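Have the model open while you read.

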Amino acid sequence: MKILGISGSPRAPEVSGIYKLVKIVLEATGMDYELISLKDKKINGCIACMGCVKDNICKVMDDMADLREKIIEADAFVIGAPNYYMGINALTRAFLERLYQFRHRTGTTLWGRLAVAVGVGGSSGLVCCEQIEQFMGYRFIETVAKVAGQGAASCYTCGYGETCQVGVPVMVHGEGVKITDDLIPDVTKQPKLIASAQKAGKLLKHRLTDDYDSWKVAEKLQKIMMEKFKSST
Ligand SMILES: Cc1cc2nc3c(=O)[nH]c(=O)nc-3n(C[C@H](O)[C@H](O)[C@H](O)COP(=O)(O)O)c2cc1C
């Protein structure tokens with residue numbers, strides 16, 4: 001079994017809280033995985049051309065085309081997005097929108113797979129986890145765990161953080177703040193967050209290996225999504 005990790009942060013893996021947290025979840029599964037950063041990938045949002053209607057294959061030729069086979073081969077996903085304006089960032093959203101290509105007619109490819117949603121924000125990443133779960137639901141993929149934490153806002157490293165009146169360091173710590181390494185939120189130094197990421201990874205492994213039945217999962221998600229659909233119309 002193979003798990004596909006997607007880090008939707010446009011920042012380099014060395015500084016991205018999302019990348020690090022997704023990796024902790026993947027490592028904790030103890031299973032075969034691949035972790036892909038969307039940084040530097042050119043992926044546009046769905047353009048509703050309906051080119052995928054007949055065969056469930058997106059016809060837009062950008063970097064999403066290379067990811068298609070990896071998505072199909074994966075039994076589960078660990079998807080992480082940074083919080084931009086209280087929602088997932090555009091890059092992750094574009095990636096998730098393009099899963100539309102798997103939805104039509106006989107498009108059962110992703111049904112019943114499992115996922116973990118990871119979100120990081122300067123304040124919190126919970127809203128991102130909820131949005132990722134929603135996207136997964138549309139493909140009848142069950143989100144088995146959510147991992148949300150606080151990461152480093154770019155204001156800590158932009159060079160003006162100690163004096164900028166609208167930057168996170170001054171807003172959180174007040175005038176005269178001195179930015180030291182200890183002050184910068186780091187997902188790898190938060191024991192509770194790491195424990196939550198590891199727990200999510202172990203749960204994902206457990207769900208994948210303990211009597212896993214993708215059709216049962218798909219049926220469950222179909223019911224949930226139909227209820228949501230009805231209540232929103
Ligand atoms: C354009 C932009 C908008 C942001 N908006 C929010 C926000 O609304 N709420 C929040 O908590 N953090 C916000 N942030 C901070 C990021 O979520 C934070 O820096 C996070 O750690 C980024 O994850 P990364 O390290 O994986 O890139 C924003 C950052 C950027 C660049």
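A residue counts as buried here if 20 or more other C-beta atoms lie within 10 Å of its own. Keep in mind that this is a predicted model.

With that cut-off in hand, take strand β3 (residues 76–82): seven of its seven residues are buried, so the strand is largely enclosed by the rest of the structure. What about its two faces? Ala-76, Val-78, Gly-80 and Pro-82 point one way from β3, while Phe-77, Ile-79 and Ala-81 point the other way. Whichever way they point, these residues are all buried.

| Strand pair | Bridges | Direction |
|---|---|---|
| β1 and β3 | five | parallel |
| β3 and β4 | seven | parallel |

Val-78 makes a handy landmark in this part of the sheet. Gly-5 has Val-78 as its bridge partner in β3, and Val-78 in turn has Val-116 as its bridge partner in β4. To get from β3 to β4, the chain passes through helix α3 (residues 90–97), and this β-α-β crossover is right-handed.

On to the ligand. Its surroundings are made up of 19 residues, and the closest are Ile-18, Pro-82, Gly-121, Gly-122 and Gly-151. Which elements each supply at least two residues of the shell? That would be α1 (17–29) and β4 (114–121). By type, the shell splits into eight nonpolar residues, ten polar and one charged.

Methods: Residues are numbered from 1 along each chain as its sequence is written. This is a predicted model: local features need pLDDT of at least 70, side-chain atom pairs count only at pLDDT 80 or more; totals for chains, interfaces and linings use all residues. A residue is near a molecule or strand if its C-beta atom, placed from the backbone, lies within 6 Å of it. Helices (H or I, at least four residues) and strands (E, at least two) are DSSP runs, numbered from the N terminus. Ala, Val, Leu, Ile, Met, Phe, Trp, Tyr, Cys and Pro count as nonpolar, Asp, Glu, Lys and Arg as charged, and the others, Gly among them, as polar. A residue is buried if 20 or more other C-beta atoms lie within 10 Å of its own, exposed if 12 or fewer, and partly exposed in between; C-beta atoms are placed from the backbone. Two strands pair if DSSP finds at least two bridges between them. A crossover is right-handed if, with the strands pointing away from the viewer, the path from the first strand over the helix to the second runs clockwise.
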